[in-house]
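Welcome! Have a look at the protein below, and then we will walk through its charges, its overall build and one of its sheets.

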Amino acid sequence: VSQSRYATTGDTVTDLHTGLVWARCAHGQVLTGDQCLGQAGTYTYEEALRFAATWTSSDGKRWRLPNRRELLSIAEFGCHYPAIDSTAFPNTPAVWSWSTTPYSADSNKAWPIHFETGAAPGFASSRSNAHVIRLVRQ
């Protein structure tokens, strides 16, 4: 990843290609220095949507869950364990992360992205599964 793609400011990362502002840490982790420490929380799909709909940062900005395309935009396919820029997004769990994109063939499923390899699987996940979340804003 070109270091010029991301601009980090405290606990946020601005993607200079998309203009999206991301939380540097998966939700539940805490930025300490330049590392995300602690355990990322896991949520069912509905829990993740409810949580993200109410999350406001200390500066009053509203956050949300990303859609599948947005979440894929920060995946780094040349990196593994995790498949993400580890300078911009330190200690990202190499696990499934929810997107808001529903699976049109089955209303009980939605699309996650796996940050072990950056894979956008050919199958969706049951909405009752618990995955981590990373919040985004415009």
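In this predicted model, the mean positions of the 12 positive and 11 negative charges lie 6 Å apart. Lys and Arg count as positive here and Asp and Glu as negative, while His and the chain ends are left out. Each charge is placed at NZ of Lys, CZ of Arg, CG of Asp or CD of Glu.

**How to read the values**
- Residues are numbered from 1 along each chain as its sequence is written, and side-chain values use heavy atoms, without hydrogens and water.
- Local features need pLDDT of at least 70 and side-chain atom pairs count only at pLDDT 80 or more, whereas totals for chains, interfaces and linings use all residues.

**Overall build**
- The protein has 2 helices and 9 strands (DSSP runs numbered from the N terminus: H or I of at least four residues for helices, E of at least two for strands).
- Starting at the N terminus, the order of elements is β-β-β-β-β-α-α-β-β-β-β.
- The C-alpha trace spans about 40 × 35 × 25 Å along its principal axes.

**Inside and contacts**
- Of the 138 residues, 44% are buried (under 20% relative accessible area, with a 1.4 Å probe and protein chains only).
- Among contacts (heavy atoms within 4.5 Å) with a separation of 6 or more, 59% join residues 24 or more positions apart.

- Three strands in the order S6-S7-S8 form an open sheet with antiparallel pairing (pairing takes at least two DSSP bridges between two strands).
- Its edge strands, S6 (96-102) and S8 (125-126), each pair on one side only.
- S6 and S7 (residues 109-114) are antiparallel and share 4 bridges.
- Trp 96 has His 114 in S7 as its bridge partner.

Key
Buried < 20%, exposed > 50% of the residue type's maximum accessible area, 1.4 Å probe, protein only.
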